[in-house]
Amino acid sequence: MPEQSLHKSFDIKAAVVLLRPHQWVKNLLLFVSLFASHQLANVEYLTATIVGFIAFCMVASGTYVVNDILDLESDREHPTKKERPLAAGKIKIPHAIAIASVLIIIGIGLGRFIGPEFFACLVGYLLLNFGYSLVFKPMLAIDVVVLSLLYILRIVAGAAATDVMPSFWLLAFSLFVFTSLAMLKRYAELEQQQLTGATNKRRAYRVEDKSVMAMMGSACGLISVFVFAFYLNSKDVTVLYQRAELLWLVIPVLFCWIIRIWLLASRALINEDPIVFALRDRFSYVSAAIMGLLIVAAS
């Protein structure tokens with residue numbers, strides 16, 4: 001009987017959903033520096049990055065739980081977010097706090113084993129995430145910049161775990177492409193808000209901001225392509241690639257992907273995080289495969 005009552009009071013399936021494991025794909029950004037520097041075959045670096053990936057997944061899930069606690073009231077009024085475990089009442093707040101605490105402690109503990117630089121990045125990510133949830137989320141424009149910084153911090157953390165520092169070109173490209181995706185996320189929310197009539201008290205954006213968000217977000221995406229083109233024209237590319245001319249073929253593929261994802265958003269066909277959407281999008285997989293093959297062929 002006690003076992004049955006525990007099962008009824010704590011929904012394990014809902015707890016797993018609460019962690020948002022599908023969002024862990026973002027933490028694959030830790031491998032970017034390793035891939036860009038052609039160090040994937042280095043067992044020591046690869047092991048450190050895998051442990052770092054697990055640490056980031058634990059901390060990220062912990063912050064998602066905290067974010068859901070803070071967004072509880074607005075989520076209950078949202079047409080789709082009201083189905084989230086906390087908003088739907090499937091998980092009690094004390095249980096959620098305990099889950100978040102355990103995950104963050106495990107993640108921070110793993111991070112300490114990797115090294116001081118990685119640990120600093122992980123703590124910085126945690127603090128910036130809390131800052132986003134508590135302070136920056138309702139701030140116009142600042143929230144988008146913070147979201148893009150959270151993506152970039154993952155790349156920097158991956159570099160810190162392996163002592164392979166990211167180049168200026170990689171950071172510049174990442175800044176523009178992730179700012180574009182952060183704006184796309186806000187744009188998609190506004191599109192859904194216009195269709196459903198739902199509002200979010202913790203957002204500073206209005207439906208009439210859509211055109212500005214689309215203009216600036218798509219511009220940032222296209223600027224990232226130009227940054228990549230400038231990189232191909234620099235001396236740095238010849239250090240890592242023997243057939244660098246093949247990398248020019250990456251540009252039209254990247255152009256197509258960015259233009260297409262913004263067009264889909266304008267048709268209200270993206271109602272979630274753009275990176276999560278890309279995981280379910282066949283075109284995104286094909287584009288990534290083509291770009292990956294071109295990079296390998298150019299090496």
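**Close-up views of a predicted model**

**View 1. Cysteines without partners.** Searching the whole structure turns up zero disulfides. A disulfide is a covalent bond between the sulfur atoms of two cysteines. In this predicted model, cysteine 121 belongs to no disulfide, and its nearest cysteine sulfur, that of cysteine 57, is 16 Å away. A pair would need its sulfur atoms within 2.5 Å to count. Cysteine 121 is buried, with a relative accessibility of 11%. Cysteine 256 is likewise in no disulfide; for this residue the nearest cysteine sulfur is that of cysteine 220, 19 Å away. Cysteine 256 is partly exposed, at 44% relative accessible area.

**View 2. Helix α4 crosses helix α8.** Here we meet two helices, α4 (residues 43–70) and α8 (residues 142–162). Their axes come within 9 Å and cross at roughly 145°. The crossing of α4 past α8 is right-handed. On the α4 side, the contact is made by Tyr45, Ala48, Thr49, Phe56 and Tyr64. Across from them, α8 brings Arg154, Ala157, Ala161 and Thr162. Sorted by class, this contact has six nonpolar, two polar and one charged residues.

**View 3. A closer look at threonine 162.** Is threonine 162 buried or exposed? This residue of helix α8 is buried, because its relative accessibility is 0%. Leaving aside residues up to four places away in sequence, threonine 162 touches Leu34, Tyr45 and Thr49.

**View 4. Aspartate 68 meets arginine 20.** Side chains of opposite charge can pair when their charged atoms come close. In this view, aspartate 68 and arginine 20 form a salt bridge, with their closest N and O atoms 2.3 Å apart. The two partners come from distant parts of the chain, 48 residues apart: aspartate 68 sits in helix α4, while arginine 20 sits in the loop between α2 (12–18) and α3 (32–36). Aspartate 68 is buried at 3% relative accessibility, and arginine 20 is buried with a relative accessible area of 11%.

**View 5. Lysine 210 pairs with glutamate 191.** How many salt bridges does the structure hold? There are seven, and one joins the side chains of lysine 210 and glutamate 191, at 2.9 Å from N to O. Lysine 210 belongs to helix α10 (residues 210–232) and glutamate 191 to helix α9 (residues 168–196), so their pairing ties together parts that are 19 residues apart in sequence. Lysine 210 and glutamate 191 are both buried.

**View 6. Arginine 260 reaches aspartate 281.** Our last stop shows a salt bridge between arginine 260 and aspartate 281, whose closest N and O atoms are 2.8 Å apart. Arginine 260 is part of helix α12 (residues 250–266), and aspartate 281 is in the loop between α13 (274–279) and α14 (282–298), so the pair ties together parts that are 21 residues apart in sequence. Arginine 260 is partly exposed, having a relative accessible area of 27%, whereas aspartate 281 counts as buried at 8% relative accessibility.

Definitions and conventions:
Residues numbered from 1 in each chain as written. Predicted model: local features only at pLDDT ≥ 70, side-chain atom pairs only at ≥ 80, totals over all residues. Heavy atoms only, no water. Axes fitted to C-alpha atoms, helices over the stretch in contact; angles between N-to-C directions. Helix = DSSP H or I, 4+ residues; strand = E, 2+ residues; numbered from the N terminus. Left-handed = near helix turned anticlockwise from the far one by under 90°. Contact = heavy atoms within 4.5 Å. Nonpolar A, V, L, I, M, F, W, Y, C, P; charged D, E, K, R; others polar. Buried < 20%, exposed > 50% of the residue type's maximum accessible area, 1.4 Å probe, protein only. Salt bridge = Lys/Arg side-chain N within 4 Å of Asp/Glu carboxyl O.
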